[in-house]
Amino acid sequence: MEPKTLAYAAIGAPVTIARTAIENATTYCKDLSEKGGGYQNLTDEKIAEWATEGEKVLKNLTDSEIVEEVAGKVDIDNARTQVSKLRDQLEEMLGTWRSSFTPEVDEDTKAS
């Protein structure tokens, strides 16, 4: 497999697992509230199973060389600095644009 595919999988796997866990938890909670305490044990077992699986996934992700490789290539501090500079430039540009297109009010119009 290509490293790019593995990187996408490493990012997508937790999202997919979380989405499935939320859907299943919603279903189990609904069943629990409708049918009573008989589902409490089942819900607890499923949550424990999902937690174990989540721990495995996170362990695999943190042990993976891809995470280290991606982290090494991404300079978060530099990205934040660049985003901050771009935000400042956009705000300045918007301010200039607003001031240049603000209609001027004549003194005669104000008096009316």
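**A chat about a helical chain**

Biologist: Let's start with I47. Is I47 buried, exposed or partly exposed?
Modeller: I47 counts as partly exposed, at 45% relative accessibility. That value lies between the cut-offs, because buried means under 20% and exposed means over 50%. Remember that this is a predicted model.

Biologist: Which helix holds I47?
Modeller: I47 sits in helix α2, which covers residues 40-63.

Biologist: Now A18. Where is that one found?
Modeller: A18 belongs to helix α1, residues 3-35.

Biologist: Why does A18 count as partly exposed?
Modeller: A18 has a relative accessible area of 35%. So it falls between the 20% and 50% cut-offs.

Biologist: What separates A18 from G54?
Modeller: In sequence, 36 residues. In space, 8.6 Å, going from C-alpha to C-alpha.

Biologist: Zoom out. How many helices and strands are there?
Modeller: Five helices and zero strands. Reading along the sequence gives α-α-α-α-α.

Biologist: How much of the chain is buried?
Modeller: Buried residues are 7% of the 112 residues. The chain exposes about 9,600 Å². Carbon and sulfur atoms supply 57% of that area.

Biologist: Which residues form a nonpolar patch on the surface?
Modeller: L94, W97 and F101 do. Together they have about 360 Å² of accessible area. W97 has its place in helix α4.

Biologist: Switching to confidence. What is the average pLDDT?
Modeller: The chain averages 75. A score of at least 70 is reached by 73% of the residues.

Biologist: Which elements have the lowest and highest mean pLDDT?
Modeller: Helix α5, residues 107-111, has the lowest, at 62. Helix α4, residues 76-101, has the highest, at 84.

Note on methods
Residues are numbered from 1 along each chain as its sequence is written. This is a predicted model: local features need pLDDT of at least 70, side-chain atom pairs count only at pLDDT 80 or more; totals for chains, interfaces and linings use all residues. Side-chain values use heavy atoms; hydrogens and water are left out. Helices (H or I, at least four residues) and strands (E, at least two) are DSSP runs, numbered from the N terminus. Buried means under 20% relative accessible area, exposed over 50%, partly exposed in between (1.4 Å probe, protein chains only). Accessible areas come from the Shrake-Rupley method with a 1.4 Å probe; for residues, only the protein chains shown count as cover. pLDDT is the predictor's confidence in each residue, from 0 to 100. Patches are made of residues with over 30% relative accessible area and no salt bridge: like charges are joined within 9 Å, nonpolar side chains (Val, Leu, Ile, Met, Phe, Trp, Tyr) within 5 Å. A salt bridge is a side-chain nitrogen of Lys or Arg within 4 Å of a carboxyl oxygen of Asp or Glu.
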